[in-house]
Amino acid sequence: MEVYFYLRLLSKTGENKRMKNSSKFQWLSSVIFLYLVNQAHGQKRGVPHDLKCITHNLKVWDCSWEASSRINHGTTYEICIVNSSYPCIQTEKTHFEIPALSLAEHEIKISSMHVSGNSVTKFILNERSVSLVPATLQIFNLTADFSTSTLYIKWNDNGSVLPRHSNVTWEIVVLYKEDMEVATIATLNTTLIGKDSLHHWSWTSDIPLECTLHYVKIRYYIDELHFSGQKEWSEWSPLRNISGPPIKENYEVFPQDKVVPVGSNMTFCCVVEEPVLTAQFGSERCSLIRLDNKSVAIEINNITVSPSSGTNVVFTTKSNMYGTVVFAGYPPDIPRKLNCETRDLKEITCSWNPGRPTGLVGPRDTNYILYERFSGRNVTYNRDEEHMNENHQLIFQMIAGQEIYNFTLKASNPVGRSEAVILVDVTRKVYPHTPSKLIVSDIDPTAIILHWHLSGNFANITLLCEIEINTAYSGQELRNITVKGLETSSYRVSVDRLMPYTMYTFRIRCSSENFWKWSKWSNEKQYLTMEGVPSKGPDIWREWSADGKSVIIYWKPLSINEANGKILSYDISYWSEEGKQHLKIPDPQHRAKIQLDRNDCIISVVARNSAGSSPPSKITSMEIPNGENLKVEQIVGIGSGMLFHWNYDPNMTCDYVIKWCNSTRSEPCLIDWKKFPANSTGALIEYDNFRSGTRYNFFLYGCKNQKYQLLRSVVGYTEELAPSVAPNFTVEDTSADSILVKWEDIPVEDLRGFLRGYLFYFEKGEKGTSKIQGLESGRSDVKVKNITDITQKTLRIVDLQGKTGYHLLLQAYTDGGIGPGKAMYVVTKENSEGLIIAILIPVAVAVFVGVVTSILCYRKREWIKETFYPDIPNPENSKALQFHKSICEGSSTLKTLEMNPCTPNNVEVVETRSAAPKIEEDTEIKSPVADGPEEGSDAEPENHVVVSYCPPIIEEEIASAGGEEAGGSSQVIYIDIQSMYQPQAKPEEELEKDSVGGAGYKPQMHLPVTSTVENMIAADGLEKAAGYRPQTHVTAWNLDSPDSPRSIDSNSETVSFGSPCSVNSRQFLIPPKDDESPKSSNGGWSFTHFFQNKPND
Amino acid sequence: MLACLCTVLWHLPAVPALNRTGDPGPGPSIQKTYDLTRYLEHQLRSLAGTYLNYLGPPFNEPDFNPPRLSAEALPSATVDFNVWRSLNDHLRLAQNYQAYSHLLCYLRGLDRHAATAELRRSLAHFCTSLQGLLGSIAGVMAALGYPLPPQGAEPSWAPRPPHSDFLQKMDDFWLLKELQTWLWRSAKDFNRLKKKMQPSAAAVTLRLEAAASDL
């Protein structure tokens, strides 16, 4: 019985998911269908069924079928491929191998031979019904790098037995932990190359491999394009696990001493038998992750930079403590500012800045290698831990003949690497060492040779050096020179244009001609150049001695740059009557006296040093006489010097000379001189020793044919000051109204400027009270006379008051100011005429008043009689009993009671209305009462009772009082002008009031007023000295009526009461004894005042 | 009286204190050693603070007390009190000397791997001081007539080859701790020795004073 399976027909349904190929699924479906049909037939008939073919290498097909067990035992099969040359196969097994058949369909006939009978089964087989299942792999090698937690897997792809160029997909699975969790699944694609080849794959674990077991398995899938059958994955390879860590590193915590980049995520595990209680990362507690029964882990994310000793990871169990250290740092920064230069063209020094710190120190610190690309040589950085903070540098030995270097600086540390590149032409990067051993040798006075040492081999380049030349005289100078580089390091160069006999300080620095950097300056070297011949003759001048018999020749020392050495002596030569004379004057002396006796000759002076003599300086001994008498001019300096101008004179062929001297010095007059060219018309003389306020004489000479002629003579000051002393003056003569003053000249040295005049102050005053000192302008009481005629030596001051004290002050002044003054006090003589007039006039007035009074009294005697002495009726004639008779009849016969003798002592002035202020005109004195009656009356009404009182008469005694120094008299005389004339209204009224009060009028004929007057004057005198002082100080007066016993007793409180006074002015009328006394002159109005009532002159 | 004076003068060379007028004996050197020990204690406090901070947490935490597993090689100062009491002066001094010899050796190793220059300077300074203490102990032993312990044992105490950084830190920690304990113990030892030496010296002085008063 033949069963035909037309697998082709059924192949439309079938799909393989993995291969993503539609035909694959079709084949699978057909195989399943074939199986089902065969199963049905086989079971039914007991014949082979379900023929299934696979291939591992596309070369051999391995087919098998199912057979019922009932007939299988003892059955022999013959498998024949119909229409094929392949021989039939006899077998007892239910599978056979045949070489791969062509793509066409093939009929397979399987004959089963059994004791129970034979049967033949036919199958139709083609390639599409065959599955490609690669042979199971064996992992060739599995290793682990525990330090990096990396697995390395190697396997053989069996490429020799598989079709070439087939694409192979590998699937590798890593499992870990005891329960075999998948750690990772990796897929790789390769292509077969027709021969066996090893493939390898590595994987780095997140957790250290020591932490737990890791397993690996692998399978693959061949995608052969030319195979039309089904392609399937191979079986998984047997599991391989990694062997544990080396025994010698039997640590408990992993990883150990790991160096990781900052920001990494890490897992640390602890493998111990006993349970781990806590875990700590640095100072931070971490939560535990259990890996298996004896391994726990912690996870640290984003690790920060570790401290220098690393970050500690510690696991603690009940009885122990396990730990590790992790170092987190940065990879090395790209080296910054990489610079390579050479100092000696023997070795190159490359320096750089490492940039950001890596945070890793010690053995984990950055390692640097300097690699030179052209030569292939490199240098490794030896870390000097003592100088870790300094700039990093590496020294590379230069290679002969190589000038261009391409350096790569490679930086690396356990977490990374970086590099920087620089291309260097060393001849352009020369930074020489500091020149040393600086030595100077002479060539001549203006040139030297400088030697120095500069280590290095500069034979191939030219050096550029800079020489610094310093002198105190001319300052600093820099000179650049180029020197051919040498191998020997010893250099020399000549330096010229120097000054002779000058102390120089040299130093040098060098660079290459292709300038890169200057070396440091060498040490300084001081050197004194040789002496040279003085470059010019000294500046000379001559002065004749006062007697004219000798001439003194002066010269100025040469300046340093003119002397060119140490001047040893000056040689002077001149012609005298004896012939040519020579003098040799040693250096410090700069003058020489020559006896010439008014002879004219040429004097020559040369300066000499060790190198030779200067050119001679010549001057003639005699001057050209000046034609006219020179006027001495005056000049005042400007600022620090004196400015001179003169007119251009074509005759002056040589030069001009201005010499000057202090005018107060004795002859010969010479401080200094200065020469100016012949074409100059002015000069500014500046001299350090000019002093303000000192008079200098200047002489301008012109030079004509080598002979000098005095052109101008000038006195001047650089600055005028005020005179330092006061002019000495005396009072030559004094009269009653004038003073003659005479003064002397101020010495020139004290004048300190040109005298411009004198100021004469005078002021009336008492001795010791002068206000002239500290004078202020505009004071009216001080008179001043400005004497601008400086030749005037006397002054008469007129219109003075006699017997008056005057303060005098005399000051001299210059343009620099007013000098101090000399003060003097003078009293003018007494004016006798005035005194006489002062006596005579009152007498005459008194006489006149007396005469007038007498005449009036005589003419008005009847009226007076009627008024003051009316007829008193005789009582005898009285008609007392006849009162009815009119008394107005005036009959003389009528008589009243006879009262004689009756002296009318008491006069009551009832009313004195008729005003007669004539007396005020005479005296020009106003009474304080008249000035301010209200004040007086309101305040002290009773005072006026006293004041207004004066005795009525006794004109005769006034004269006597004036005649006999009334101040000393005990008899006080009053002039009661008020009673004689009409007083002013106000006091009158007050008087009335007092009269009403009963005080009444009382004559004071015998009041015992004595020396208390003087006391009073003395008391009030000083403070009331300035002229007239009305006695308004009424409170000092007695308030009682003048005749009261208290006032009469006249103690000190009541002295004013008794003072002689004018009623209106309350003025003391008695002149003091001592006229010159300030008390007397100011205490009141003296007679002198009275008569000399004119303005103070 | 004269006979008495002669007798005293005859016996004068026999007075031990007088014989030692040129040699002050071990007293001052014991005192000096004691002082140096106290000074080193003070110096170590400062150094340990700095160094434990350098080691980082948890080594610088006050309650950090790791098991003494990896530091067995360090000479331990801990001793049973009775054992300590039973030691004689020679043994005490010898133990001190040996301990400091070895500790110094370790300390120099510490110096080698410290990463900061300042720490290295501090360690070097301390090493110098400890060397001085060692010399002082040797001086005291010599003064008391004790031989120095043999130096041959030192190789077995040599620092171990470098192992993990963590274990090295543990060693460092224990080294400092043992140093501290040893210094404390030494202070106690020297104090005891000092006190022990003093009474005899005082007695000699008293005897001498008595003799002088007789004179």
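This is a predicted model: local features need pLDDT of at least 70, side-chain atom pairs count only at pLDDT 80 or more; totals for chains, interfaces and linings use all residues.
Two strands are said to pair if DSSP finds at least two bridges between them, and that definition is needed for several of the points below.

**Strand β11 and its partners in chain A**

- Strand β11 of chain A covers residues 167-176, and because 9 of its 10 residues are buried, the strand is largely enclosed by the rest of the structure.
- On pairing with strand β12 (residues 181-191) of chain A, β11(A) runs in the antiparallel sense, and 10 bridges hold this pair; within it, A:Trp170 has A:Leu188 of β12(A) as its bridge partner.
- The hairpin made by β11(A) and β12(A) has 4 residues between the strands, and in this hairpin A:Lys177 takes a positive phi near 65°.
- β11(A) is also joined by 10 bridges to strand β14 (residues 214-223) of chain A, again in an antiparallel arrangement, and here A:Val174 stands opposite A:Val216 of β14(A).
- As a general point for reading such strands, side chains in a regular strand alternate between the two faces of the sheet.

**An open sheet of four strands in chain A**

- An open sheet is formed by 4 strands of chain A, in the order β17-β19-β23-β22, with antiparallel pairing.
- The edges of this sheet are taken by β17 (253-254) and β22 (289-292) of chain A, each of which has a single partner strand, so one side of each is left without a neighbour in the sheet.
- For β17(A), the pairing with strand β19 (residues 266-271) of chain A is antiparallel and rests on 2 bridges, and A:Phe254 has A:Cys269 of β19(A) as its bridge partner.

**A buried arginine in chain A**

- A:Arg509 lies in strand β38 of chain A, which covers residues 503-512.
- Is A:Arg509 buried or exposed? Its relative accessible area is 19%, and because buried means under 20% relative accessible area, A:Arg509 counts as buried.
- The side chain of A:Arg509 makes a polar contact of 2.6 Å with the side chain of A:Glu466.
- When neighbours within four places in sequence are left aside, the residues in contact with A:Arg509 include A:Pro435, A:Leu464, A:Cys465, A:Trp518 and A:Trp521.

**The helices of chain B**

- Chain B has 7 helices and 0 strands, so that, read from the N terminus, its elements run α-α-α-α-α-α-α.
- Of the 215 residues in chain B, 40% are buried, while the chain exposes about 11300 Å², of which carbon and sulfur atoms supply 61%.
- If one takes the contacts in chain B between residues at least 6 apart in sequence, 86% of them join residues at least 24 apart.

Key:
Residues are numbered from 1 along each chain as its sequence is written. Chains are lettered from A and ligands numbered from 1 in the order in which they are written. Side-chain values use heavy atoms; hydrogens and water are left out. Buried means under 20% relative accessible area, exposed over 50%, partly exposed in between (1.4 Å probe, protein chains only). Contact means heavy atoms within 4.5 Å. Accessible areas come from the Shrake-Rupley method with a 1.4 Å probe; for residues, only the protein chains shown count as cover. A polar contact is a pair of N or O atoms within 3.5 Å; within protein, one must be able to donate a hydrogen and the other to accept it, and residues adjacent in sequence count only if both atoms are side-chain atoms.
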